[in-house]
Each structure stands twice: as structure tokens, then as C-alpha cells.
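Have a look at the model first.

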Amino acid sequence: MVTKHIQKRINERFSSILPVLEWLPQYDASWLRLDVVAGITVAASLIPEGLAYASLANLPPETGLYAGLMAVIAYLVLGTSRQVIAGPTSALAILLASGVGYAATGTTASYASLVVVTTLLVGIIAVVAWAFRLGFLVHFISGSVLTGFSAGAALYIMSTQLNKLFGIESSTSGAFFGQTFFGRIWYTVSHLGMTNPETLAVGVTGIVLLILGERYIPRFPNALVVVVLAIVLMSVTDLQSRGVGIVGPIPSGLPSLTVPAMPDIPTLGTLVPIAAALFLLSYVEGIGAVETFARRHDYDTDANQELLADGGANLAAGLGGGFAVGGSMSRSALNDAVGGKTQFTNAVVALVLVIVLLFLTGVFTNLPEAILASIIIVAVKGLIDTAAIHQLYQVSKSEFAIAMATLFGVLTVGMLWGIYVGVVLSLLVAISRVDSPVTHELGRIPGTDQFVARDLYPMATTIRGVFVYRVEAELFYANADTVRTDLLDRLANHDGDAELVVFDLTSSPTVDFGAAQMLEKLQQTLESRDIDLRFAGAESDVVQMFGTTGLAANTGGVKTEEAVADAIGRWIPEQSSQSDDIPHNG
């Protein structure tokens, strides 16, 4: 009996770590056709995007296919979303290129090996975050920051493709300004005379076709069609001899699993913050897609398990010679649109990529680089959510300012530091809100024992000589002094002289030691003014802390989850002359 129980616990543990063990045995055969069609469609989108994002990351084109293959295999086993497709994304590719490219300067290690090491570090950070169940941390990044970062990232990525679109030689300047959005725009404008007309025509035609396809046939693999048309065009014309650049030979074969040589300690130290930024972006992109489709189809996902899935995908991509990956909203949306039902779609995508890597890489030799640029430009334009930006401006000027600051940070200091600007702003916003919580003076609803915020319910009445106060937040050292000052200020403006202050802790389930010390000082201050302090709505842990510190004894005793009316009733002398003011427990 004990053995069966242990075996059951082991099976449950493995199922929680490997969700495939749970959903695969329950797979409905009627879903197979839909998953196969969705997998082929998604793979048709991933192939050109993988080649394009490898170019964006300054890596050989096949690494984009390697990254896509390893990511979908890992997510198949570890992921909890039925629609999400993991793989390379434009934002991750450019952040990787800008960050690792800077770190590679002056080192003996090759750029490609540092990319692999960084990708493995991303996976390690994600797995550590999973082990410590840190999935909740992503919620500290506000939506306004993500809106600004996404828009800034889109513009930044577009600027990196201008030289390929116009057929202009890349800037060889290593100056900081030259590597920013504004530096690239200036370089392009000042070198327009060097534009290759044929390259520009190919690129602009690709953009037009992709936009038209996106508008009129959104579920069709438009990018693959444009790629095929461009390859045919290059094969039957002499455009290459007229300066239109092509991808060139792509080696065939599956990725080999290898562990890269570790760089020296100083170089590794510069890669860690880059990997941290990549992890943050990867997880934010992925969990956004996970939550979107879980709500749409009404099923449960696990934010912490998604950390493990993200870590597994990046570890697999790194070991397979790819680069940083994450959940792709665009490919996940395509998967959902064509009817993908389960994670099995990832298996179909992986099979298609294996076939391409083994037998079809030669087809892409004549693919124009301008077409890759057009794919990237059209793909990232969706990151600019003008409706959300306009709504922020109308609803909250402060949130709009944060979004614009993040956007401007990406454009001026680059993707790596831009995302840190967003993170810092998010934390500052969260800290400011916790530091200055919403507070209320409470009043009693006539004829009842219910106490509500007077500013929200004007009909609520006060009790002569009694001031009731509530904080809509947990109490801890960071907001303790702010709360104390606010309470005393409100008390000074209270109608009539107060003889009793009731601190309602219903919305403050936890009180740390720093806040408890503040409350002791508050009690002493009020006592010096001949005002008693009582507590209501306290949780059991808070009651225990107040008892240990002695605060409970000095405030007439604190009872667990005592109602405000009862706390007042224990304090007010039972005198017939005051009976109309005494709320009776109903």
C-alpha cells in the first residue's frame, strides 16, 4: 500500500514537471488532422522567420532553424499552453545581437560561441527562477512599460534593416550614436545616394506583398510564398550580378548537440546581465501568449511551469547551436487561427523542420537579403500598438509618460539598456504605489453594523468620538511612516474630538515588524493625546505578532478578524445615555 502511494506521488511529480505525460495519454484522435494542418502552416511561417531572425542576430541562417527546432521539441514536453509555439523572435534576436556584440569586443572568444553561452545562461536563469517559483515577478512589469518597450523595439529593429532594404553598405562606425536608432536613420539618410535600386525594388515589393497577404489572407503562409517567389525571381534573372545580395549556401543536416567552451570570468560577467535581460524579455513574451490563449479557450496553465519550459527551450536551443528563444505571439496566433488543438502541433513543426534541414536547405541559397529585411519589418510592425498608446494618453498621463520614457530609452541607449529602463520604471511605479497606498476614513451604513469608505459612500455616518481608518494594502516597513502620517493628518481634520481610533486591518492581511513598530509609536502618540487605539479585522498571524510585541495589551486586546462594530462595542461604556450611538452586533 505504501509502495503504491509513493509510486503515485512520483507519477504526479513527473506529470507536473513533464506535462506531456498528462495530456498525451488523453489525446483525442479527432484532433490529429487539425494539429497536423496547424503544424505544417506554422512551420511554413517559422522557416522564413527563422532565417530572417538569424540574420537579425548576425548569425548564419541555419541557426534560426536550429533554434526553432530545439525550442518546439522542448516546449512539446514541458509547456502547458495548447497553442503557444516557442522559437526565435525578432526582439530577442536584436537584443542578443546588440548585447553580445558589445560584449564580444576585445575578447578572444568568437561571437557565435558567446551567443551560445548567453543562450544557455538564459536557460539556467529560467530554471533557477522555476526552482524558486518566481513566476509572479513578471507581474511587476507594468503594461505601460511593455507597450512602450514593444513600440521602441519595433522601431529599433526596423532601423537595423534599412541598409539591407536600400542595398547600402552597413556603417563601419563603432561609435555609440551610430548603433542607435537615430544613428542608423541618420546614416541611411546621408547615404541615400548609394541606394541599389534593384535591391530596394525587391525589398519594397516584398513588404507590399506581405502587407496585402496579412490583410486579405491572414491565415495563409504569406512569408513562405514571398520567399519562394523571390527565389524564383533571383533564379531566372541577373539581379544578383546587379548587386542584389543573397543568403548564400546553407549547410544541410541536423544540429549537433555540443557544449561550448566557457569564456573567461570577466567576459562571463558581462554576459550575465545580457542573459538576464533576454530571460526577462523571453518570459514576458511567452507568458503573455500563454495567458492570452488560456483565457480564450478557458483552460488552466502554470506560470511557474512556463519558467521551466522557457528554460528548457533555451537550454535546448543553446546546446543545438541556436540562439535565445521564447514564446512567439504571432506564430501562436497563427496556430490558433488554423485550428491547432494541443501541444502536438509542436511535434509536427519539428518534423517539418527536420525534413527542411535534411533535404531542402539548398532551396534557400538564392533568397535575397532584402526579402529577409521585408519579413522582419512587416513582422515587427505589429509590436507598435497605437491603440494602446492612445488609450494610455487618454486614461493616464503618468502611465503614458512611462511608456514613452521606455520607448525613448530603447531608441537612444539600445535594446539592452532600454529593457532595463522599463524594468526600473516598473519597479519604481510598484514601489510608489506600495509606498503611498490608498486609505479611507470609514463610516457606518445607517441601520447596520457595516463600515464603508466615506469618500465612496457619502451616506455613511460617523460615531461621535470615534475615528475608523483603513489602509487598502499590506503594512510593511516601506509604507509604515506614510500610513502613520496620513492617519494623523486625517485625524486632525476629523469632525469633532476623537476619543477612539479603530484601525481596520481587513485589507492588511500581513503586518511586518517595521509596521508593528510604527503602530506602537502611533499608540503612544495617541495615548499622549488621550485617544485610545483599537484594531479590527486582524488575521491570526497579526494577532500573534501584536501579542508578542505587547501592542495587544496596550490596545485593549486584539481578537482575530473582529468586526469594527464589535471592537467599538468593547470600548464604549454601556451607558443608557449613549445607547443610540452603540452599534449592536447583529
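## Helices over a sheet

Helix α19 (residues 477-492) lies across β3, β5 (466-471) and β6 (500-504), at about 150° to β5. Contact here means heavy atoms within 4.5 Å, and angles, from 0 to 180 degrees, are taken between N-to-C directions of axes fitted to C-alpha atoms, for helices over the stretch in contact. Helices (H or I, at least four residues) and strands (E, at least two) are DSSP runs numbered from the N terminus.

| Helix | Lies across | Angle |
|---|---|---|
| α19 (477-492) | β3, β5, β6 | about 150° to β5 |
| α23 (564-571) | β4, β5, β6, β7 | about 155° to β6 |

This is a predicted model: local features need pLDDT of at least 70, side-chain atom pairs pLDDT 80 or more, while totals for chains, interfaces and linings use all residues. Numbering starts from 1 along each chain as its sequence is written, and side-chain values use heavy atoms, leaving out hydrogens and water.

The sheet itself is open, with 5 strands in the order β4-β3-β5-β6-β7 and mixed pairing. β4 (451-453) and β7 (532-536) sit at the edges with a single partner strand each, so one side of each lacks a neighbour in the sheet. Strand to strand, the twist averages 35°. β3 (residues 439-444) pairs antiparallel with β4 over 3 bridges; pairing takes at least two DSSP bridges. In that pair, L442 stands opposite A453 of β4.

F140 is partly exposed, at 39% relative accessible area (between the 20% and 50% cut-offs, 1.4 Å probe, protein chains only).
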